[in-house]
Amino acid sequence: ICCYHLGKTKEALVYINASIGTNPALSQSYKTKAAILKHMNQIKESQDCEETAAQIENENERKNLLTQEFVEKQANELKSKIENYEEKTAYFNDKLKERPTDASLYSQKAAILIDLEQYHEAIFCCNKALRLNPNEKNAIKDKSRALFALGRYEEALDCIISID
């Protein structure tokens, strides 16, 4: 743009073309090129650059809308997952108050926690279940899954091996 303002239009075009070559998705570069070409009375080429700039802006707008829709969908899924988590954990917490020695309830709660990527909490529930019932196979499997997700592979393998 500086070259253009100094009257060096051909040099300005070289720099603009280099900019377009580096990042062809920038509509502003095409708009600048269109202005320079228009100044040089290259009307057809100027119009082509303006059309390209408009196409890029339309495509960028479309991508932005798709991205926004995707983000909103992810946010809604996360919100639903959190609400589901709150409902299910509340359910299991109530049941565990009624039956605090039920190992299978701790194991079921752990499975939900793993789905929600709450691995440390899941391991806590699995350990509680295993203290109540060392043969609770689902607790062993879920503990192994949680340990694996945390990158604690040796411990995960030990859990699986411990199953009869």
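Q: Is the crossing of helix 6 and helix 7 left-handed or right-handed?
A: Happy to start here: this is a predicted model, where local features need pLDDT of at least 70, side-chain atom pairs count only at pLDDT 80 or more, and totals for chains, interfaces and linings use all residues. Residues are numbered from 1 along each chain as its sequence is written, and side-chain values use heavy atoms, leaving out hydrogens and water. Helices are DSSP runs (H or I, at least four residues) numbered from the N terminus. With the near helix turned anticlockwise from the far one by less than a right angle, the crossing of helix 6 and helix 7 is left-handed.

Q: Is helix 6 roughly parallel or roughly antiparallel to helix 7?
A: Helix 6 (residues 119-132) and helix 7 (residues 137-149) have axes 9 Å apart and pack at about 155 degrees, an angle taken from 0 to 180 degrees between N-to-C directions of lines fitted to C-alpha atoms over the stretch in contact. Angles over 145 degrees count as roughly antiparallel, and under 35 as roughly parallel. That makes the pair roughly antiparallel.

Q: Which residues of helix 7 make the contact with helix 6?
A: Contact means heavy atoms within 4.5 Å. Helix 6 brings Tyr119, Ala122, Ile123, Cys126, Asn127, Ala129 and Leu130. From helix 7 come Ala139, Ile140, Asp142, Lys143, Ala146, Leu147 and Ala149.

Technical notes
Helix = DSSP H or I, 4+ residues; strand = E, 2+ residues; numbered from the N terminus. Parallel < 35°, antiparallel > 145°, perpendicular 65-115°, else oblique.
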